[in-house]
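Please keep the structure in view while reading.

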Amino acid sequence: MEKALQDKARELLEAGDVKVVIGYGWNKRKTQTTPVFITDPADVERLVFNPLCVNNLSLYLTRQYKDIQALGKPAIVAKGCDIRTIAVLIAEGQVARDGIVIIGAVCNGVVYRQELWKGELTPEIMPTKCHNCDVRNPHIADHIVGDPVDFQPPDDPSGMVYDKIGALDGQEDGDRWSFWMEHFERCVKCYACSKICPLCYCERCIVEKNMPQWIETSAHARGNLAWNLTRAMHLAGRCTFCGECERACPVDIPLNLVNQKLALTIDDAFEYKSGYDENEHPPLIVYSPDDEENFIK
Amino acid sequence: MATEEAAIENTEQKAPWEPKITAFVCNWCTYAGADLAGTSRMEYRPNVRIIKLPCTGRIDPLFIIKAFERGSDAVLVSGCHPGDCHYTTGNYHARRRWIAFNSLMKFVGIDLRRLQFSWVSASEAIKWVDLINNLTTEVKDLGPFVDYKKL
């Protein structure tokens, strides 16, 4: 599969179709994979694909990476889950479909954290998203590398994240509040969750605005709550559950829980799952007179 | 001077706690409805602070968070009935946002009796009066929103 990937990258670069291939490569000690940007066809051997390729590289397609954009048209090596993010970026007009080449990589799942890798991919070290993945064979791609895999996700989403959401839903308000306050208390406002999120692409984030100051910037419980609520809300109906925010969080706040709770709510209310159709608008920027709710008096 | 301060302190101690309710209302329906209640000389509980916005579509979830941060014990969001929006679709957009936000607020453990939503039209002064009276009673029973205030 890596051979096919490298051949495809070489072919694209030599033909001049793309100027840069954004993919995965080994770090120096070959313990982790890291993003690589290949501009010379002679370097394509650096491209690899394996279960350590957890990063969502679609981040590098966003406008904040001006140096990458300056290189020219990119090709991106993307797993199905990364393609879901690219689909949202296209739907929101951040990326033009014909402005990029998607090299879809057939994926059998990745590890939850690269440190967990012991040379073999077992279900225990895979994140919840992989257990529920219905895009192991890339759904939007210009080229697909790897042999198609046959995997049926469970009908109802299951796994650690969904179990925890279910458990929290069953608790009293007060218990949920103390659960979240314990977690948000640790937040140091490093904004790693936002920086790594491919869909947090605003050039000026609301937390950077101080006239008026909507969100307190100090790492204080009040501002932490406001920040985490706002971040989750801005991703409502858009988050594709790549899980990068939680992976990047230095204090291990379970951000997947809030994001996926909202994704479940959006799916229940509007029958919408993000990242499957690049031509469909995300649900919170459109409306329907037939939306149903039971809480407005 | 000293006696004055003591007097102020004294009244503060004596005055029973009253809930502080922030209401974000739209200019065209709910504000007009509340206005009608006033011009019709209806009486209702004075615990509500009304903030008028052009449309419910203008109400960012951050407004609600800010209201709690600044010491509201409850927040009411109210606008035109579906189909009646002055800007045609503002309240439909707002409704979508609230469906998500309501679920999020419940998920982080906020008692949803402290965050209420309603449709009140320009002619529904009675509905507005009842709404505020009931909300005030409900929040009075719940007590101050100490969870948020002590953050």
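Two residues are taken to be in contact if their C-beta atoms, placed from the backbone, lie within 7 Å. A residue is buried if 20 or more other C-beta atoms lie within 10 Å of its own. Both terms are applied here to a predicted model, which scores ipTM 0.90 and pTM 0.91.

Chain B can be described briefly. Its mean pLDDT is 91, and 91% of its residues reach 70 or more. Chain B contains six helices and four strands, arranged along the sequence in the pattern α-β-α-β-α-β-α-β-α-α. The C-alpha trace of chain B spans about 60 × 40 × 25 Å along its principal axes. Of its 151 residues, 48% count as buried. Considering contacts in chain B between residues at least 6 apart in sequence, 82% join residues at least 24 apart.

Chain A is assigned two domains, domain 1 (2-145) and domain 2 (160-285). Taken over C-alpha atoms, the centres of domain 1 and domain 2 of chain A are separated by 24 Å. Where they meet, 25 residues of domain 1 of chain A are in contact with 23 residues of domain 2 of chain A. On the domain 1 side of this meeting, the elements of chain A that give two or more residues are helix H3 (80-91) and helix H4 (128-131). H3(A) gives the most to that side, with nine residues. By class, the side of domain 1 of chain A that touches domain 2 of chain A has 10 nonpolar, eight polar and seven charged residues.

The nonpolar interior comes next. In soluble globular proteins, nonpolar side chains tend to be buried together. The largest nonpolar core in this model has 122 residues, and those with the most contacts inside it are Val21(A), Ile76(A), Val77(A) and Leu104(B). Domain 1 and domain 2 of chain A both give residues to this core, so the core lies between them. For Val21(A), leaving aside neighbours within four places in sequence, the contacts are with Ala9(A), Leu12(A), Leu13(A), Ile38(A), Leu47(A) and Ala75(A).

Consider now the meeting of the two chains. Here 32 residues of chain A are in contact with 31 residues of chain B. H6, H8 and H10 of chain A each supply at least two residues of the chain A side. The largest share of that side, eight residues, comes from H8(A). The residues of the side of chain A that touches chain B divide into 21 nonpolar, four polar and seven charged.

What surrounds H8(A)? Its buried residues pack against H6 (173-185), H7 (192-196) and H10 (255-270) of chain A, together with H3 (61-69) and H4 (90-107) of chain B. Because 10 of its 14 residues are buried, H8(A) is largely enclosed by the rest of the structure. Among those buried residues are Leu225(A), Trp227(A), Leu229(A) and Met233(A), as well as Asn224(A), Asn228(A) and Arg231(A). The length of H8(A) can also be checked: at 1.5 Å a residue, its 14 residues (221-234) should span 20 Å, and its end C-alpha atoms are 20 Å apart, which agrees.

H10(A) is followed by Glu271(A), whose phi is positive, near 45°.

H6 of chain A holds Met181(A). Is Met181(A) buried or partly exposed? Met181(A) has 16 C-beta neighbours inside 10 Å, so it counts as partly exposed. Met181(A) and Lys3(A) are 178 residues apart along the chain, and their C-alpha atoms are separated by 49 Å.

How values were computed. Residues are numbered from 1 along each chain as its sequence is written. Chains are lettered from A and ligands numbered from 1 in the order in which they are written. This is a predicted model: local features need pLDDT of at least 70, side-chain atom pairs count only at pLDDT 80 or more; totals for chains, interfaces and linings use all residues. The expected span of a helix is 1.5 Å times one less than its number of residues. A residue is buried if 20 or more other C-beta atoms lie within 10 Å of its own, exposed if 12 or fewer, and partly exposed in between; C-beta atoms are placed from the backbone. Ala, Val, Leu, Ile, Met, Phe, Trp, Tyr, Cys and Pro count as nonpolar, Asp, Glu, Lys and Arg as charged, and the others, Gly among them, as polar. A nonpolar core is a set of buried Ala, Val, Leu, Ile, Met, Phe, Trp, Tyr and Cys residues joined through C-beta atoms within 7 Å. Domain bounds come from an automatic or database domain assignment. pLDDT is the predictor's confidence in each residue, from 0 to 100.
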